[in-house]
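This briefing concerns chain contacts, symmetry and domain layout. Please consult the sequence and structure below before reading the points that follow.

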Number of protein chains: 6
Amino acid sequence: MAVLSPLTDEQASPAARAVFDDIRATRGTDYVNNFWRLLAHDPDQLRALWDRLKVVMGPGALDPLVKEMIYIAVSAANACEYCAHSHTASARAKGMSDEMYAELLAVIGLASQTNALASALQVPVDDAFKA
Amino acid sequence: MAVLSPLTDEQASPAARAVFDDIRATRGTDYVNNFWRLLAHDPDQLRALWDRLKVVMGPGALDPLVKEMIYIAVSAANACEYCAHSHTASARAKGMSDEMYAELLAVIGLASQTNALASALQVPVDDAFKA
Amino acid sequence: MAVLSPLTDEQASPAARAVFDDIRATRGTDYVNNFWRLLAHDPDQLRALWDRLKVVMGPGALDPLVKEMIYIAVSAANACEYCAHSHTASARAKGMSDEMYAELLAVIGLASQTNALASALQVPVDDAFKA
Amino acid sequence: MAVLSPLTDEQASPAARAVFDDIRATRGTDYVNNFWRLLAHDPDQLRALWDRLKVVMGPGALDPLVKEMIYIAVSAANACEYCAHSHTASARAKGMSDEMYAELLAVIGLASQTNALASALQVPVDDAFKA
Amino acid sequence: MAVLSPLTDEQASPAARAVFDDIRATRGTDYVNNFWRLLAHDPDQLRALWDRLKVVMGPGALDPLVKEMIYIAVSAANACEYCAHSHTASARAKGMSDEMYAELLAVIGLASQTNALASALQVPVDDAFKA
Amino acid sequence: MAVLSPLTDEQASPAARAVFDDIRATRGTDYVNNFWRLLAHDPDQLRALWDRLKVVMGPGALDPLVKEMIYIAVSAANACEYCAHSHTASARAKGMSDEMYAELLAVIGLASQTNALASALQVPVDDAFKA
């Protein structure tokens, strides 16, 4: 279900199709997933987001696989169904092993637990932690 | 501010103090932060959580620093003030550089943005992503 | 899927059916959507919520279409699947154009991004912003 | 810090002051807390919310103390600082013991953990759970 | 949909199957729901979580049914589809009446409303509420 | 409190200071608020975010004041203390009246309430709402 229909290559504007082509070239696959096909209703937003994503998720001080796992963590906390699916697939494609995934889940579970406890208890921030 | 007062070593029960001692030994520091001093009102919960945290956050298929960064990501998504402070301090102590932190923040920001867009658009999950 | 079954007009109590009738008259349509048909299991809650919604979402200092867009924004942040669908449909019915929707999405995405960054960084509130 | 100033009895409109008086009479205390003093900027919203709260939080099929603990649980999940403070105070005033509070926190922590895991894993809902 | 496949008894490791057996014995039913069948990919996490859940959700200062309702409240606030389904089913099995469920929903709705208002208004915490 | 210190003009790099200057020129004020002074630790992220914000929050199919109110709504749902303060100040500066603010709060409260109810009840999406 979606509030808009994903656009096929034929339905997309030339500006949106250019982003589709860049997604294909960058990822080395013909497949363009639904998120981008929905954003294609607004080619400017599509372009801005894809360009930023390429920079942010590429190699740097952090490994691209680490970045995908951070992405999954945020998506789980935000209860984003689509993002959990798509970024788990991406992390798998970038080499996330069963052991890594199990540890990722354990950290997500633990952090969610202590976040809720800290919010319930309104734990005062230690002076030692302040900048 | 807090809804309970942090317990000093003197106020804590022997069972709670034993956890404080384990925290000190594990971390190689005398300092026990407020989160544990508040949980000390319930020594069983304190023990269960600390024991689990030692297992989950220790070395494994993922580096302990990577785990701290995943923890920060969850905490930011959950708007947990205390956890953002305490785990940023932990990540720094484990070697998170300015460059790594900047990239972590960029991924957190991007993921939060696309999570909200996917939730607003209710993007249908691609068959390709399903197990 | 739902944890309760939506009630048909025949299954609903007279008190619940009276709310259904008011929904129909207010909206000028015969259709009563699932949210109200589930709330009909508790006619008092159904009545209280519908009466409040009529007041809050009606014309005032803000245009009803603006109110629907604010509703979508909250629903996206809360990852509410049903609400994203139903209030996007309502906003469309009240005249939300493609351009307005695209801008709404862009603001939702940007706000979600900066919310997460501000929570990660625990930015101190400027004195200039305090009442 | 607040984006508006709490209104004193003198600053509040007669309609708002009437709600303050009802709060005092209902609770058997002279104290009116900041939440209501901020809402007093909009006497209609103040009245609607207070009237609803009296009905919802009063005795019924659930004990008022149970309702306060449910309120704390929602507030922790939503990371609401003010609500964690005010409803923990209310629950204490209604008789929440140290043991009850410890168990409440344990359930909040556990639920937050499994919520995040279920969202990360996108666990398919069992047919057995559907209405 | 799920990012992993639930494991059948045959696919599960002996360590995971031992947890399945404990789930069956504890609940007095042959049915093991999908959440545990997905966690079975990581038998250590499965065991740790199930053991903790048995302690936390069992009888104590709070009634097990009250604990299930608190669980539902957290799950609703976190928009966890699976958890809303599974814990509503559990609460029903433990005796939650229609009247209790209606009141639970009313409290969840009210708390969510005032949480959002308190966060928008940034209501300053009353000195009277501080520990 | 913050996990990093806000950078003064003197501490900021030339690239960051150029963004500060653009903020001043765009807003017609000498004041640069803490959010940007913290982001200045990563001049690239600072530039990317400010450039995007100028486009997204400027005039278009939606009025800039409407955009600020949508921003407040997202920030309240995400419990972002800083963002609630800063964007309420921005909305005031753009002409949000007391009446508009009261209605904005009422919609935020109502949406949060029905979001939680829809998530608790797992209301099935009506076919009529699907694209």
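**Contact between chains A and B**

In this predicted model, the contact draws 55 residues from chain A and 55 residues from chain B.

*Chain A side of the contact*
- Five helices of chain A, namely α2 (34-39), α3 (43-57), α4 (64-77), α5 (81-93) and α6 (98-121), each contribute at least two residues to the side that touches chain B.
- With 15 residues, α6(A) provides the largest share of the side of chain A that touches chain B.
- By residue class, the side of chain A that touches chain B comprises 36 nonpolar, 13 polar and six charged residues.

- Chain F is superposed on chain E by a rotation of 180° with 0.0 Å of shift along the axis, at an RMSD of 0.0 Å.
- The two copies are thus related as by a two-fold rotation axis.
- Among the residues of chain F, F:Gln113 comes closest to the rotation axis, with its C-alpha at 2.4 Å.
- Because 100% of the interface residues of chain F are also interface residues in chain E, the copies meet through the same surface.

*Domains of chain A*
- Chain A is divided into domain 1, covering residues 1-57, and domain 2, covering residues 60-121.
- The centres of domain 1 and domain 2 of chain A, taken over C-alpha atoms, are separated by 24 Å.

Notes:
Residues numbered from 1 in each chain as written. Chains lettered and ligands numbered in written order. Predicted model: local features only at pLDDT ≥ 70, side-chain atom pairs only at ≥ 80, totals over all residues. Least-squares fit on C-alpha atoms with pLDDT ≥ 70 in both. Contact = placed C-beta atoms within 7 Å. Helix = DSSP H or I, 4+ residues; strand = E, 2+ residues; numbered from the N terminus. Nonpolar A, V, L, I, M, F, W, Y, C, P; charged D, E, K, R; others polar. Domains from an automatic or database assignment.
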